Amino acid sequence: MSGPPTRPWRRFERRMTGRFTASARTPIIQVVKTTAATLLTWFVCLTIFPEQMPIFGAIAALLCVQENVDQSLTRGVERVVGVMLGVSVALGAAAIFGPQAWLFIAAIIVSMCIGWLLKMTNSSSNQIAITALLMIALGGANSQLDYGFERLTETAIGAAIGVIINAVVVAPVRTLPVHQELRGLCHDAAAALRRLADALAEPRDDEWLEDMLERARRLQDDRTRVHALLRQARDSLRFNPRGAKYRASLETDDALFQRLQPILTQITGMSRALYDLYEPDLVTDPSVMGMVEEMRRAAHDLQLLVTPVPAWGDEPEEPALTAPYTIPQPHPDHWVLIGSLMEDLRRVRGRITGDIE
């Protein structure tokens with residue numbers, strides 16, 4: 001009997017499956033819309049062209065139900081243009097070379113050259129080649145102009161149905177993940193500020209400081225992820241019939257993200273400076289003791305930026321920051337670190353209160 005899978009094999013298996021699987025399933029409504037668009041296109045095209053299976057139209061509908069309406073329109077135009085050029089390549093190759101066995105190879109070469117000359121994307125260039133191959137395989141080497149025109153019409157019908165269904169039937173909106181991740185990012189930034197305060201409140205060992213710095217660095221990865229989600233959300237609202245309902249909230253989240261970005265930079269810089277120049281006797285300096293309280297107040301007010309508006313009759317939570325904190329005399333040994341932390345804290349405070357745009 002063979003033993004359990006080794007750890008390297010499990011890592012290899014995860015890497016391989018990660019190449020063709022997603023971190024989350026596609027919403028079931030998208031699967032239903034794709035199926036409905038493909039079936040509707042099939043029967044509509046059969047009604048118009050009963051003598052041919054509507055493969056071109058079904059493929060167009062299948063490809064045009066994308067994550068958002070903007071992508072659906074782009075894919076629809078790409079599909080129609082690719083089919084038009086592919087049909088032209090197939091008809092031209094058949095007219096020039098006749099029913100030759102190597103006609104498929106010639107169609108592929110010509111299609112890729114056309115895509116390169118027109119500076120088309122790889123998917124668009126491939127679309128030309130695939131259409132030319134399908135034209136020759138399904139229509140034969142002696143394909144006629146009317147056959148090509150029917151396939152182009154069929155593709156346009158499928159693309160139109162795919163775009164319309166994706167836009168009309170619960171058009172995809174990607175604003176909720178942005179809002180949730182942005183709240184989490186703000187809370188994580190506040191936690192990083194509290195860890196900075198904890199490092200100055202009592203002596204810490206190297207392991208604790210390394211963990212503090214590593215967590216602060218993760219904020220940059222989280223910022224990149226939120227930025228990508230913001231782009232997806234903007235794309236999902238473009239040409240979206242439901243976009244007006246969500247656009248105001250997305251603009252609010254976008255403004256908060258722009259406000260939060262420099263704060264994350266300052267927190268990461270503060271964590272790095274404290275890690276590099278940390279000394280246990282820092283906690284005994286009176287000016288550092290006051291800075292600890294200001295950092296905790298800044299963390300409190302940073303979380304207030306994403307705190308929901310209280311219900312009617314409830315008292316809103318008040319900001320903790322008051323007047324700017326000042327140090328009358330720098331420490332003779334740690335003045336570089338203390339001055340750096342103070343300047344970064346001043347900028348963080350200004351971003352939170354809105355004094356710094």
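This section describes helix packing, salt bridges and selected loop residues in a predicted model.

Two packed helices are described by the angle between their axes and the distance between the axes. Helix 11, which spans residues 286–304, packs with helix 12, residues 335–353, at an angle of about 25 degrees. The axes of these two helices lie 11 Å apart. Because an angle under 35 degrees counts as roughly parallel, helix 11 and helix 12 are classed as roughly parallel to each other. The crossing of helix 11 with helix 12 is left-handed. On the side of helix 11, the contact is made by S287, V288, M291, E294, M295, A298, D301 and L302. These residues meet I338, L341, M342, L345 and I352 of helix 12. By residue class, the contact of helix 11 with helix 12 comprises 10 nonpolar residues, one polar residue and two charged residues.

Helix 2 and helix 3 cross in a right-handed sense. Helix 2 contributes T34, A37, T38, T41 and W42 to the contact, and helix 3 contributes I55, G57, A58, A61 and L62. Six of the residues in the contact of helix 2 with helix 3 are nonpolar and four are polar, with no charged residue.

Side chains of opposite charge can pair when their charged atoms come close. Over the whole structure, 17 salt bridges are found. One of them joins the side chains of E343 and R347, with an N to O distance of 3.0 Å. E343 and R347 are four residues apart in helix 12, which means that about one helical turn separates them. E343 is partly exposed, at a relative accessible area of 30%, and R347 is likewise assigned to the partly exposed class, at 36%.

A salt bridge is also present between D222 and R225, whose closest N and O atoms are 3.1 Å apart. Both residues belong to helix 9, residues 206–237, and their spacing of three residues therefore corresponds to about one helical turn. The relative accessibility of D222 is 15%, so D222 counts as buried. R225, with a relative accessible area of 38%, is partly exposed.

E202 and R204 form a further salt bridge through their side chains, at 3.8 Å from N to O. E202 has a relative accessibility of 42% and counts as partly exposed. R204 has a relative accessibility of 22% and is also in the partly exposed class.

Several loop residues were examined individually. Q66 is located in the loop between helix 3 and helix 4, the latter covering residues 69–97. With a relative accessibility of 18%, Q66 counts as buried. When residues up to four places away in sequence are not counted, Q66 touches Q30, Q71, S72, R75, N166 and P172. The C-alpha atom of Q66 is 8.8 Å from that of G162, although the two residues are 96 positions apart in sequence.

T307 occupies the loop between helix 11 and helix 12. Its relative accessibility of 37% places T307 in the partly exposed class. T307 and R183 are 124 residues apart along the chain, and their C-alpha atoms are separated by 8.6 Å.

Positive phi values occur at K119 and at F239, neither of which is a glycine. The phi of K119 is about 55 degrees. K119 lies in the loop between helix 5, residues 103–117, and helix 6, residues 122–139. At 78% relative accessibility, K119 counts as exposed. The phi of F239 is near 65 degrees. F239 is placed in the loop between helix 9 and helix 10, the latter spanning residues 243–277. The relative accessible area of F239 is 55%, so F239 is classed as exposed.

How values were computed:
Residues numbered from 1 in each chain as written. Predicted model: local features only at pLDDT ≥ 70, side-chain atom pairs only at ≥ 80, totals over all residues. Heavy atoms only, no water. Axes fitted to C-alpha atoms, helices over the stretch in contact; angles between N-to-C directions. Parallel < 35°, antiparallel > 145°, perpendicular 65-115°, else oblique. Left-handed = near helix turned anticlockwise from the far one by under 90°. Contact = heavy atoms within 4.5 Å. Nonpolar A, V, L, I, M, F, W, Y, C, P; charged D, E, K, R; others polar. Salt bridge = Lys/Arg side-chain N within 4 Å of Asp/Glu carboxyl O. Buried < 20%, exposed > 50% of the residue type's maximum accessible area, 1.4 Å probe, protein only.
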